[in-house]
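Subject: Structure for your review

Dear colleague,

Please find below the structure I am handing over to you. My findings follow it, and I would be grateful if you would read them alongside the coordinates.

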Amino acid sequence: MNSNRSSADQGLRLIIVALVAWVIPGAGHFLIKERKRAVIIFVTLTALFLSGLYIGSISVVNHVNSRLWFLPQILYSPAVGLLSQKVQAGFTDDNGNHMEYNCYGRPCDIGQIYTGVAGLLNLLCILSAVYMAYCGRGQLIGREEEQEEQGHA
Amino acid sequence: MHDFSPILAAFTAPLNVQTDWVSMLYMFPLLAAITIIYKATKMRVLFWKQLAVESVVLFLAVSGFMIGAVIVLNLITWLITS
């Protein structure tokens, strides 16, 4: 009975780690007390994703016009879906005309590759966080080595 | 109250990127991000210095391989078309 309950708790924990890691890149590792990894993942992936948006503009995220690129992009965070809705809705210019966000050519390609790769790398980080949580890894592993390293320094 | 409009506006228009060899340089930040994330997930115990060294080594190795591939492919193209 207890083992059934503990395995259910473990499964629920893994699902929570995966969801948190998807919502905020690096948060899955933060949850299992891998703080350094969490910071590196968050900073690197966010910088990569924002660089993609800066190069190609936010129009590189579009779930209607570039659906195949949207699939890896949404792996970065569910917030990408909201951004795509905003892009699809367009904007109104100073004269009151309805305009669409557009991007063509090389900047669009580079922006889509950057944001798509950021999403795929976050998938790798989600799987890494879930695997570490499954193995019971956290700050405890490697503590001796860290203390030894600090002793040398 | 800060005005973030110029920052937000920068994300609504694409950069001007030409289709020349300079645009190939955009692969290096991407490569750097891939190597850092790969090493951050792969290393058993994370030390900042070790992570930096291993990431730089992997980055240089992959960059060197890609540059070598570009040179070889260009040579083959030049031999075929000349």
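How many helices and strands does the secondary structure of chain A come to? The model is a predicted one, and in it chain A has seven helices and two strands. Their order along the sequence is α-α-α-α-α-β-β-α-α. Of the 153 residues in chain A, 40% are buried. Among the contacts in chain A with a separation of 6 or more, 69% are between residues 24 or more positions apart.

I turn next to a pair of helices within chain A. The axes of α3(A) and α6(A) come within 7 Å and cross at roughly 160 degrees. Angles over 145 degrees count as roughly antiparallel, and α3(A) and α6(A) are therefore described in that way. Their crossing is left-handed. By class, the residues of this contact comprise 14 nonpolar, seven polar and no charged. On the side of α3(A), the residues involved include I41(A), L45(A), L48(A) and F49(A); α6(A) contributes, among others, T115(A), V117(A), A118(A) and L121(A).

F49(A), a residue of helix α3 of chain A, deserves a separate note. F49(A) counts as buried because it has 25 C-beta neighbours inside 10 Å, where 20 or more are required. Apart from neighbours within four places in sequence, its contacts are Y76(A), T115(A) and A118(A). Although F49(A) and V117(A) are 68 residues apart in sequence, their C-alpha atoms are 8.4 Å apart in space.

The contact between the chains involves 32 residues from chain A and 22 residues from chain B. On the side of chain A that touches chain B, the elements giving two or more residues are α3 (35–56), α6 (105–134) and α7 (143–152) of chain A. That side of chain A has 19 nonpolar, seven polar and six charged residues.

Finally, a word on chain B. Helix α3 of chain B covers residues 48–81, which is 34 residues. At 1.5 Å a residue, this helix should span 50 Å, and the 49 Å between its end C-alpha atoms agrees with that expectation. Is α3(B) largely buried or largely in the open? The number of buried residues among its 34 is one, so α3(B) lies largely in the open.

Yours sincerely

Methods. Residues numbered from 1 in each chain as written. Chains lettered and ligands numbered in written order. Predicted model: local features only at pLDDT ≥ 70, side-chain atom pairs only at ≥ 80, totals over all residues. Helix = DSSP H or I, 4+ residues; strand = E, 2+ residues; numbered from the N terminus. Buried ≥ 20, exposed ≤ 12 C-beta atoms within 10 Å, placed from the backbone. Contact = placed C-beta atoms within 7 Å. Nonpolar A, V, L, I, M, F, W, Y, C, P; charged D, E, K, R; others polar. Expected span 1.5 Å × (residues − 1). Axes fitted to C-alpha atoms, helices over the stretch in contact; angles between N-to-C directions. Parallel < 35°, antiparallel > 145°, perpendicular 65-115°, else oblique. Left-handed = near helix turned anticlockwise from the far one by under 90°.
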